[in-house]
Amino acid sequence: MFDLSRSRGEETGPECVLQCCWWTLDRLFTLSTPVPPCRLLETDSKSLRSMNGSRRNSGSSLVSSSSASSNLSHLEEDSWILWGRIVNEWEEVRKKKEKQLKDLVRKGIPHHFRAIVWQLLCSAQNMPIKDQYSELLKMTSPCEKLIRRDIARTYPEHEFFKEKDSLGQEVLFNVMKAYSLVDREVGYCQGSAFIVGLLLMQMPEEEAFCVFVKLMQDYRLRELFKPSMAELGLCMYQFENMIQEQLPELHLHFQAQSFHTSMYASSWFLTIFLTSFPLPVATRIFDIFMCEGLEIVFRVGLAILQMNQAELIQLDMEGMLQHFQRVIPHQLDSGPDKVIQAAYQVKYNAKKMKKLEKEYTTIKTKEMEEQVEIKRLRTENRLLKQRIDTLEKESASLADRLIQGQVTRAQEAEENYLVKRELTTVRQQSEEATAQLEKANSTIRQLLLQQQQQRRPEESVLQLERELVQARLKEAESQCALKEMQDKILDMEKRNTSLPDDTNVARLQEELIGVKLREAEALTGLKELRQQVRDLEEHWQRHLARTAGRWKDNPKKNALSELQDELMSVRLREAEAQAELRESRQRIMELETQNQIHGNQLRRAEQDNRSLSDHVHTVTVQNKELHVQLQEIKRRQAEIECKSKEEVMAVRLREADNIAAMAELQQQISELEIQRERFKAQLNHTDSSQYIRDLKDQITELKHEVRRRPVITRPHSARRFSGRGSDFLAVSGFRRSLVRPPPLKPSSPPPS
């Protein structure tokens, strides 16, 4: 490509314009020689229409074709002279005649000037990063495998890129690799390769790299290709609102069919129509995009919908997808002027777009807050599950403790039964002792009567001695029994101290009242017994005072008095033993009361354990139900995956059938074209014109049949489009459009 920017500011007069004209004439003569495909792009739309018109009218006269070619050359010369002036005086034109420059860009930049004009439009002609390009190619990028995989899918039918390991694929790989090293956040994204491929058709790889960096930085493309694809979601939101405002009926139809904007418009914004429209049309739109930005994408997209509104309203979702992929590209074969003119009749309000951007930001902020809330709820759910697990473990330990408590309770019940049996035996012994004491009292009374009557004193003394011996023996037995009872009472007190305290206040109050009543009864009995002991002591003192003078006279009387003293001491000790027995009974009653209290505690603990076991049972039942639901969900998910795999296999089978049928039809077309050439050489023009027209009709019919054949492309990996953003709903339309084969052009009629 030529570089006229060097003369900017030095040669701006008529000499420069004359030099540009001479260069243009020289360029016209060199166009007949072969040029590398990276320097040739599609022919300008105006020149294409002129050439097609001249071919159609070539049979009428040679004079008309020569006049048309002369007019074309004059128009091209005027256009090149004008653009040469604009390039040489770029800074002044950009500042003072911006509106006229926009109008010229909308009419189309000549393809020989596109490289330099694109660089000037995006200010990429003197970027410092251009010097780093060679160093970047020596480095290693983590995205190299992905870039290599997708290069064959970029412009697969274009001469410059279709051959494997060709120059076009190599320079495309270099530019994509260099940018993935410069911008590691974006790295590599599949749709960006189409934009880089278009730049490489116009300029060398270093200049294409600089222009692509400028596009990513200043034209919002970097935000579109980020992993989150937030900018693409914003564009979809703004475009959908424009459809709702300007095409309400079509918007309602899209909503009724669940036909989301991202299903057909995502590729428009990501590749600037390069994968959806014919290359000449997409290049004209890209000219305007370089001058005005993403506004032209909104305008052209809405214009396309306005032009096809009547047909789209009558189709379902699948029909609309087919219409966007096959019908709309063929509508633009005639040229981009119609759609560009319709695009600039679309209403575009920049202030409203800013307002929609703020609304979308608010919506996204709310969605992020909801996601944070969902994460928080999931964390709480996980913590609750952990708490349920700990509660289950605690319930299991409580169940073990309950079983152990029941075992210890049974053992204590058995020990209480044994203690009760011993208590009954002790009570029997105490009753026997009281009976014997009563008998001794009766004998003492009899002895007193005998002493008063003074009958047989010696026998009474012997009898008293025997009774005294028996009383001492009984006293020793009662002391032994008392010690055993005291030891048992101490053991019971230790056991009672080890048992847990009662927490039920109401029951404790009732039990305390009963204990106090029994204690009061025992205290009253003890007081009565002590009063009896004091009475006996007083009686004994009076008796000693009466009999003091009598015992000095006779030794037998002294012995009798000693026996009486011992008898009284025995009675006193008996009274003390009874008092101690009363105290031991009181302690036994207290122990029984404590035993009842602890029994109540154990019953309450059993009730608590039952409630805990019921709660554990309900929790386990709920867990089982949740497990069953989880298994059902997994089963449904497996069924859905099997169905999706079956559908993919069916699509692939249909694709293979369609490809085979298309290959057969293309072979038939090639055979018919060969036959046509043979007949054209053999037959005369006058005799075989009708036959040639029939052959042409057959060829056009076959080509129309090829166009009508449904081409189902094999779904391939769309990692960066399907996995990077959740802002649009479906990228399957973009996947099909990325690898769509270019339409077959009808061959031009042979020259007469």
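**Exercise 1. Which residues of helix α6 are buried?**

Solution. The buried residues of α6 are R114, A115, I116, V117, W118, Q119, L120 and L121, where buried means under 20% relative accessible area, exposed means over 50% and partly exposed lies in between, with a 1.4 Å probe and protein chains only. Helix α6 spans residues 114-121, and eight of its eight residues are buried, so that the helix is mostly covered. Helices here are DSSP runs of H or I with at least four residues, strands are runs of E with at least two, and both are numbered from the N terminus. Just after α6, S123 takes a positive phi of about 60°.

Before going on, note that this is a predicted model, in which local features need pLDDT of at least 70 and side-chain atom pairs count only at pLDDT 80 or more, while totals for chains, interfaces and linings use all residues. Residues are numbered from 1 along each chain as its sequence is written, and side-chain values use heavy atoms, with hydrogens and water left out.

**Exercise 2. Describe how helices α9 and α11 cross, and name the residues that make the contact.**

Solution. Two packed helices are described by the angle between their axes and the distance between the axes. The axes of α9 (residues 167-182) and α11 (residues 205-218) come within 10 Å and cross at roughly 40°; such axes are lines fitted to C-alpha atoms, for helices over the stretch in contact, and the angles run from 0 to 180 degrees between N-to-C directions. Angles under 35 degrees count as roughly parallel, over 145 as roughly antiparallel, 65 to 115 as roughly perpendicular and the rest as oblique, and α9 and α11 are therefore oblique to each other. Their crossing is right-handed, a term used when the near helix is turned clockwise from the far one by less than a right angle. The contact (heavy atoms within 4.5 Å) is made by V171, N174, V175, A178, Y179 and V182 of α9 and by E205, F209, F212, V213 and M216 of α11. These residues divide into nine nonpolar, one polar and one charged, where Ala, Val, Leu, Ile, Met, Phe, Trp, Tyr, Cys and Pro count as nonpolar, Asp, Glu, Lys and Arg as charged, and the others, Gly among them, as polar.

**Exercise 3. How many helices and strands does the chain have?**

Solution. The chain has 27 helices and zero strands. Of its 752 residues, 37% are buried.
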